[in-house]
Amino acid sequence: MQTIANIVIAFVALQHIGFLILEMFLWRKPFGRRVFGLSESFAAESAKLAANQGLYNGFLAAGLIWGLLDPFYGLYIKVFFLSCVVIAGLYGGFMVKRSILYVQALPAFAALILVHFQ
């Protein structure tokens with residue numbers, strides 16, 4: 001069960017690396033605007049906010065990777081950062097866009113459940 005949990009955690013970490021790339025580097029590019037459904041003017045106006053948000057997603061990914069690599073406190077680190085992702089996903093899903101619940105919160109919640117069965 002630990003292997004499956006770690007695979008799902010790695011998936012969540014990779015998602016957040018992807019979010020970092022989209023929000024920090026591709027926000028104003030055609031691909032980034034298409035992913036988020038942004039106009040060119042709104043993307044330009046909100047680029048600094050998106051980069052800040054991308055940085056936070058990078059911190060979440062780093063924490064999850066740290067949890068995967070730490071042989072002593074890894075379980076606690078995983079639980080903490082997965083909980084952060086779930087909370088952020090719930091907030092985003094209810095306040096921004098419903099799909100965030102499925103893309104961000106659900107995989108992290110599944111990983112959190114799997115971690116508890118280790």
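**Aromatic pairs, cores and a pocket**

The count for this structure comes to four aromatic pairs. Before I go on, please keep in mind that the model is predicted.

I will take two of those pairs. One is formed by Y56 and F59, and its geometry is edge-to-face. The ring centres are 6.3 Å apart, with 85 degrees between the planes. Both residues belong to helix α3, where they sit three residues apart, about one turn of the helix. Are these residues buried or exposed? Y56 has a relative accessible area of 52%, so it is exposed, the cut-off being over 50%. F59 comes out at 47% relative accessibility and therefore counts as partly exposed.

The other pair is W66 with F81, also edge-to-face, at 6.4 Å centre to centre and 65 degrees between the planes. This pair links distant parts of the chain, since W66 is in helix α3 and F81 is in helix α4, 15 residues apart. W66 is partly exposed, at 46% relative accessibility. F81 counts as buried because its relative accessibility is 15%, and the limit for buried is under 20%. Ring pairs also bring in F80, joining it with W66 and F81 in a cluster.

Next, the cores. The largest nonpolar core contains 17 residues, and I9, L64, L82, V85 and A108 have the most contacts inside it. Which helices supply at least two residues each to this core? They are α1 (2-24), α3 (40-69), α4 (74-95) and α5 (99-116). As for I9, leaving aside residues up to four places away in sequence, it touches L64, L68, K78, L82, A111 and V115. There is also a second, separate core, made of five residues, with W27, L38, A43 and A47 among them.

The largest pocket has a volume of about 810 Å³. Its lining consists of 24 residues, and those nearest the centre are E23, F36, Q53, I100 and Q104. Two or more lining residues come from each of α1, α2 (30-36), α3, α4 and α5. Which of these elements gives the most to the lining? That is α3, with seven residues. By residue type, the lining divides into 17 nonpolar, five polar and two charged.

Conventions: Residues are numbered from 1 along each chain as its sequence is written. This is a predicted model: local features need pLDDT of at least 70, side-chain atom pairs count only at pLDDT 80 or more; totals for chains, interfaces and linings use all residues. Side-chain values use heavy atoms; hydrogens and water are left out. A nonpolar core is a set of buried Ala, Val, Leu, Ile, Met, Phe, Trp, Tyr and Cys residues joined through side-chain atoms within 4.5 Å. Buried means under 20% relative accessible area, exposed over 50%, partly exposed in between (1.4 Å probe, protein chains only). Helices (H or I, at least four residues) and strands (E, at least two) are DSSP runs, numbered from the N terminus. Contact means heavy atoms within 4.5 Å. On a 1 Å grid over the protein atoms alone, a cavity is a set of points where a 1.4 Å probe fits but cannot get out, and a pocket is an open set with protein on both sides within 12 Å along at least five of seven lines; lining residues have an atom within 4 Å of a point. Grid points are joined across faces, edges and corners, and a volume is the space filled by probe spheres set on the points. Ala, Val, Leu, Ile, Met, Phe, Trp, Tyr, Cys and Pro count as nonpolar, Asp, Glu, Lys and Arg as charged, and the others, Gly among them, as polar. Rings of Phe, Tyr and Trp (its six-membered ring) pair if their centres lie within 6.5 Å; planes under 30 degrees apart count as stacked, over 60 as edge-to-face and the rest as tilted.
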